[in-house]
Amino acid sequence: MAYELATIFTGLEFVNPFVLASAPPTESKQKILRAFEAGWGGVVTKTIGLHPVENVAGPKTIYQRASETKPYVSRYKRPDTVSHSSWNWELISDQPLDLWLPDLEEIKTTYPDRMLIASIMAGAGNEEEMDHWRKLARACVNAGSDAIELNMSCPHMDRKDMGAHIANDEEIIRQIMKAVKEAVDVPIWVKLTPSSSSLVDGARAAYDAGAASISLCNTFPSLPLMDPETLKFEVEVDGLVTSGGLGGLAILHQALQRVSDISRAFPDRSISGIGGIKGFREAFNFIAHGAGNLQICTAAMEEKGSGGIGVNLIQELTSDLGDFMERKGYSSIEEFRGIARERVVEHSRIRRKSEGYNGGYAQSA
């Protein structure tokens, strides 16, 4: 049976459902062009803003590993270790908008069949910041971007009116959506923080305000480890550390939970799944829980010799997905997207050993 890797997601035609997420793999024109040459179906640019950006005076990203013989997690290299996670406290792109715009034009002209999504971020709380959202969106779309992703999820911005700091405020979500929709007429993806007890409410506010998709999960707020011998953090500046973002395989199950929550609450809406995708099996699980698009970062960055864009990874992902679809008789991912949705239920619906169990309530006399 013939199968097709091409997908329609938020009205856009992707040659395959695999996209490089907004992060160091998409921080420059050179990397994005190489990613498209390697076969990625789309990219979300590293987040573009208007405010001055200056990163920490030290390493911005580390990769943590674990082993069976030495099972502790650490960035320090040891024999026979496997990837556990990434950790970063990197800010958004430090390349200004006026340098990004000709790059976006060249990327889209060179690869017109690949989807270019511009990630943007501004502040909140006043009309000037809403104008910043409008300016960023309008400029990126005029330069050739096919869609806009609103970054409301970065867990370590140095401004309190940006990123994950604002993603729990439904009114701010609506205000930003209104501003961007006034400026452009392309699909708008909203990237929400997973660190929220009201994620479904935030997604509802975004969808109701016109979001074409929710993107999740971004990295989880976290701290790096301290070495018990040296009493130093594994990444620090002048002995100090602050919250950063945990990514990679370590967040896979939590990311799937969030995608499942949104998918079950809004089964007819689009979700771009992110978090811990290292190969086909992880990607399959996001699709099974309802995602129609897969964003990848850590696995691409970890691939040696690829310049951090996952040259071999995209070939493996498309090959393994195609092999699975051929063996199972699926013609497109839509035929198995969401197959896990109805099997995720409330705890009370899981069968117990005793048929008479009533949820732990005491029997009345």
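Biologist: Which residues lie nearest the centre of the largest pocket?

Modeller: This is a predicted model, in which local features need pLDDT of at least 70 and side-chain atom pairs count only at pLDDT 80 or more, while totals for chains, interfaces and linings use all residues. Residues are numbered from 1 along each chain as its sequence is written, and side-chain values use heavy atoms, with hydrogens and water left out. Rolling a probe the size of a water molecule over the atoms shows where empty space is left. A pocket is an open set of points on a 1 Å grid over the protein atoms alone, where a 1.4 Å probe fits, with protein on both sides within 12 Å along at least five of seven lines; lining residues have an atom within 4 Å of a point. Here, Tyr-63, Arg-65, Lys-77, Glu-302 and Lys-304 lie nearest the centre of the largest pocket, among 18 lining residues.

Biologist: How many disulfides does the model have?

Modeller: A disulfide is a covalent bond between the sulfur atoms of two cysteines. The rule asks for a pair of cysteine sulfur atoms within 2.5 Å, and the count comes to 0.

Biologist: Is Cys-297 buried or exposed?

Modeller: Buried means under 20% relative accessible area and exposed over 50%, with partly exposed in between (1.4 Å probe, protein chains only). Cys-297 is buried at 19%, and Cys-140 is buried at 0%.
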